[in-house]
Amino acid sequence: MGPILTILADPLAIALALWILGDIVVERSGVINLAIDGIITFSIAVTFVAVQNIGYVQGLLISLASAIALSLIFATFINVLHAPHVLTGLSLNIAFYGVGALIGLRYMKSRSLVPIGIGKPILALIGVAAAVLTWFTLYRTRLGTEIRACGFNPRAAEAAGVRVWRTRYIATIIGYMLVSIGSYIYTTIYRSGWSQYTGMGYGFLAITLAMASSWHPLIAYTVAIAFGYLYTSSYALQLLYGVPTDIVNALPFIVSLAVVVIVYATPLSKKVAMPKALGEVYFREERAA
């Protein structure tokens, strides 16, 4: 049980799992979430500064509040202004990078902070609970059914009585709150430090792994744990078994590709179909016409 608990309690893997789960909730509603990299970078900077200046609990609350505010901005561009998803996400990424760096450089007191001491069982429980609750919400609740309906066919969902714009707002808020919690764990438990643009790149990794898991929360959690374990143990593999550096660095990505092959080459692919309306700009008036 010891080694398994250590793998499940890896803070990097848990943070990555939460980022992927947040992306899945947003994209299951049909919205391409390319702004996630900027959100992660911004949340890490805000969490670091808030924890240093006012405390750990307040830092978590401020990180969640800022994530909700940014989710409302992103959702307004998509649902009210009907902006293209890809263009909106990439544009907001640049803005969030800059604002996060500005806040961090302006208000940080030092480059590091005291990490939170949380036991491995609690950390492992956070990761498992997040995956199970996300799966339960998406596949066993009315809200989850509406979110998936919007991502599969928003016009049919609207005809069935689902308010697409409201559902996508809710999905974006929930997704960004998960991303914020992942950023909090990354900042206060795994990294315990900050420099300009810390976290940049993890968002695109989360998008890739969400696609690799076919946007299914439980598969995504498994992929995140495997990826995190291989990533953090790469040096040990080199020292113990003499595995070449290039192979060790590529191993997490090879495992991710293997998961993709397994999912799409088996009947499992029919049960975890991708959101077909992903990235579609939806106008309610089109349905009426």
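Visitor: Which side chain makes a polar contact with the side chain of Y176?

Guide: The partner is N33, whose side chain pairs with that of Y176 at 2.8 Å. A polar contact here is a pair of N or O atoms within 3.5 Å; within protein, one must be able to donate a hydrogen and the other to accept it, and residues adjacent in sequence count only if both atoms are side-chain atoms. Before we go on, this is a predicted model, where local features need pLDDT of at least 70 and side-chain atom pairs count only at pLDDT 80 or more, while totals for chains, interfaces and linings use all residues. Residues are numbered from 1 along each chain as its sequence is written, and side-chain values use heavy atoms, with hydrogens and water left out.

Visitor: Is Y176 buried or exposed?

Guide: Buried means under 20% relative accessible area, exposed over 50%, and partly exposed in between (1.4 Å probe, protein chains only). Y176 has 0% relative accessibility and is therefore buried. Y176 sits in helix α9, residues 164-191. Helices are DSSP runs (H or I, at least four residues), and strands are E runs of at least two, numbered from the N terminus.

Visitor: What does Y176 touch?

Guide: Contact means heavy atoms within 4.5 Å. Setting aside residues up to four places away in sequence, Y176 touches V26, N33, A35, I39, A67, L70, S71 and F74. Take A67: 109 residues separate A67 from Y176 along the chain, yet their C-alpha atoms are 5.7 Å apart.

Visitor: How should I read the largest nonpolar core, and which residues touch the most other members?

Guide: In soluble globular proteins, nonpolar side chains tend to be buried together. A nonpolar core is a set of buried Ala, Val, Leu, Ile, Met, Phe, Trp, Tyr and Cys residues joined through side-chain atoms within 4.5 Å. The largest one in this model has 66 residues, and L16, W19 and I20 touch the most other members. Helix α2 (residues 11-28) supplies the largest share of this core, 13 residues. For L16, the contacts beyond four places in sequence are L205, L209, A224 and F227. There is also a second, separate core of five residues, including C150, A157, V164 and Y282.

Visitor: Which side chain does E158 contact?

Guide: The side chain of E158 makes a polar contact with that of Y282, at 3.2 Å. E158 belongs to helix α8, residues 154-159, and its 8% relative accessibility makes E158 buried.

Visitor: How many salt bridges are there?

Guide: Side chains of opposite charge can pair when their charged atoms come close. The rule asks for a side-chain nitrogen of Lys or Arg within 4 Å of a carboxyl oxygen of Asp or Glu, and the count comes to two. One joins R142 to E146, with the closest N and O atoms 3.2 Å apart. R142 and E146 are about one helical turn apart, because they are four residues apart in helix α7 (residues 142-152). R142 is exposed at 68% relative accessible area, whereas E146 is buried at 13%.

Visitor: Where does R155 find its partner?

Guide: R155 forms a salt bridge with E280, the closest N and O atoms being 2.3 Å apart. R155 lies in helix α8 and E280 in the loop between α14 (268-271) and α15 (284-288), so this pair ties together parts that are 125 residues apart in sequence. R155 is partly exposed at 27% relative accessible area, and E280 is partly exposed at 26%.

Visitor: Which residues make a nonpolar surface patch?

Guide: Patches use residues with over 30% relative accessible area and no salt bridge; like charges are joined within 9 Å, and nonpolar side chains (Val, Leu, Ile, Met, Phe, Trp, Tyr) within 5 Å. Accessible areas come from the Shrake-Rupley method with a 1.4 Å probe; for residues, only the protein chains shown count as cover. I73, F77, V80 and L81 make a patch of about 340 Å². L81 lies in the loop between α4 (56-79) and α5 (85-107) and is exposed at 52% relative accessible area.

Visitor: What is the phi of S192?

Guide: Most residues other than glycine have a negative phi. S192 is not a glycine, but has a positive phi of about 55 degrees. S192 is in the loop between α9 and α10 (202-212) and is buried at 13% relative accessibility. Y197, placed in the loop between α9 and α10, has a positive phi near 70 degrees. Y197 is partly exposed, with a relative accessible area of 37%.
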